[in-house]
2 protein chains.
Amino acid sequence: MKKKGSLFVVCGPSGVGKGTVCKELLRVRPEIKLSISATTRERRKGEIDGVNYYFLKRNKFEQMIENDEFLEYAKVYDNLYGTPKKYVLEELNKGNDIILEIDPQGAMQIKEKFSDGIFVFLLPPSMEVLRNRIIERGRDSKENIKKRLKCAYEEFDFIREYDYYIINDDLSGAVNSLIAIIEAEGCRVKGDVLEIIRKYKEEI
Amino acid sequence: MKKKGSLFVVCGPSGVGKGTVCKELLRVRPEIKLSISATTRERRKGEIDGVNYYFLKRNKFEQMIENDEFLEYAKVYDNLYGTPKKYVLEELNKGNDIILEIDPQGAMQIKEKFSDGIFVFLLPPSMEVLRNRIIERGRDSKENIKKRLKCAYEEFDFIREYDYYIINDDLSGAVNSLIAIIEAEGCRVKGDVLEIIRKYKEEI
């Protein structure tokens, strides 16, 4: 009997390495699906619709909000970003595991709508390392770096809402932990095992 | 910071292969500790006290029952068998994971006393396979084989009490699933992660 898939929400503060961990996971486990976000922002050079994002016109996005077609959405500066429900639910029903990389605010929105999700929080090995990673990325002003770190501390206070945490001190270790979590959740006792047992009883 | 260990209770019907799976797990992951049972039965040739069992005199065993020193115990024919608490709790406090292979009745006794345990149920690939394994073992009369299978069906009804299930269709697959469960549980959000976060906050 085919198991139903699970939604794994990978979350953590800015700079912790969510993107790198998820990218490497998908490289070593290509059978896992990645949830693709929708956005109203302009497509940048090299970005592909349906791969990097679903690029939507603002009125289309707003109509989808109206129709409750997002697991979560947020306004960032002047653009809207969101996770369309449809693809996620379709893949779960096909029995595929699906991964969603998201910021902590989005994760908590999803938790309200989709409590069956498995919530994984990535932690840096130390705050020192997180600060250095943000600096090395070279995208932020001094002021912004301070803001991002302050934000990280606030996000840590919500860690009790998550099922698992992974300390991202080396990439392959973090990816292996994530794979273990995905495999273990595939063994979790829920509805599907009752199906299996019903089948065994028919064998009598 | 050292994580606290977890107790993994591996359970399943007679003939499903609990012993083989646990033995292989300990071979590939020697850092995992095995809980050793105590018994009042006679030591057999080749068995070593403190390795196969703790061999106890009946009055010593009964005194330990009196002192609530067992996680579970049972009378099988005329002998007493039980899981001493002391070793399990000591290893958990040292941060070691510990595995306990036990029949479903014992598992449910442990669950009452030690709800922090992680309960894993091994299932056969089919009832046909379970029957064949019991027959091939060559220990049981026809009557006993019937009894064991009837017993297995009754035990299946308690599967909702378990956290995880593993279908033991091939040894390495089953062991890998068990390893994934152990690793994932090491990532579970509980008290220790709050310690980590407290430490991060001191870094400010």
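Colleague: In S7(A), which residue is the bridge partner of A:Val9?

Modeller: This is a predicted model, in which local features need pLDDT of at least 70 and side-chain atom pairs count only at pLDDT 80 or more, whereas totals for chains, interfaces and linings use all residues, and side-chain values use heavy atoms, with hydrogens and water left out. Residues are numbered from 1 along each chain as its sequence is written, while chains are lettered from A and ligands numbered from 1 in the order in which they are written. S1(A) and strand S7 (residues 98-102) of chain A pair in the parallel sense over five bridges, where two strands pair if DSSP finds at least two bridges between them. Within S7(A), the bridge partner of A:Val9 is A:Leu100.

Colleague: Which residue in S8(A) stands opposite A:Val9?

Modeller: Strand S1 (residues 7-11) of chain A is joined by four bridges to strand S8 (residues 118-123) of chain A, and the two run parallel. Along S8(A), A:Phe121 stands opposite A:Cys11, and the residue opposite A:Val9 is A:Phe119.

Colleague: Are the residues of S1(A) buried or exposed?

Modeller: A:Leu7, A:Val9 and A:Cys11 point one way from S1(A), and A:Phe8 and A:Val10 point the other way. In a regular strand the side chains alternate between the two faces of the sheet. Buried means under 20% relative accessible area, exposed over 50%, and partly exposed in between (1.4 Å probe, protein chains only). S1(A) is largely enclosed by the rest of the structure, because five of its five residues are buried.

Colleague: What is the radius of gyration of chain A?

Modeller: Chain A has eight helices and nine strands. The radius of gyration is taken over C-alpha atoms, and the globule rule is 2.2 Å times the number of residues to the power 0.38. For 204 residues that rule gives 17 Å, and chain A comes close to it, so it is as compact as a globular protein of that length, with a radius of gyration of 19 Å.

Colleague: How many disulfides are there over all chains?

Modeller: A disulfide is a pair of cysteine sulfur atoms within 2.5 Å. By this rule, the count over all chains is zero.

Colleague: How far from B:Cys22 is the nearest cysteine sulfur?

Modeller: B:Cys22 lies in helix H1 (residues 18-28) of chain B, and it is buried, with a relative accessible area of 1%. Leaving aside its neighbours within four places in sequence, B:Cys22 is in contact (heavy atoms within 4.5 Å) with B:Val10, B:Ile99 and B:Glu101. B:Cys22 is in no disulfide, and the nearest cysteine sulfur, that of B:Cys11, is at a distance of 10 Å.

Colleague: Which cysteine has the sulfur nearest to that of B:Cys151?

Modeller: B:Cys151 is in no disulfide either, the nearest cysteine sulfur being 11 Å away in B:Cys11. B:Cys151 is partly exposed, with a relative accessible area of 31%, and the cysteine asked for is B:Cys11.

Colleague: What rotation superposes chain A on chain B?

Modeller: Two copies of a chain are related by a rotation about an axis and a shift along it. Here the copies are superposed by least squares on the C-alpha atoms of residues with pLDDT of at least 70 in both. The shift along the axis is 0.0 Å and the RMSD is 0.0 Å, with a rotation of 180°. The two copies are thus related as by an axis that is two-fold, and the rotation is 180°.

Colleague: Which residue of chain A comes closest to the rotation axis?

Modeller: The copies meet through the same surface, because 100% of the interface residues of chain A are also interface residues in chain B. At 2.2 Å (C-alpha), the residue of chain A that comes closest to the rotation axis is A:Ala180.
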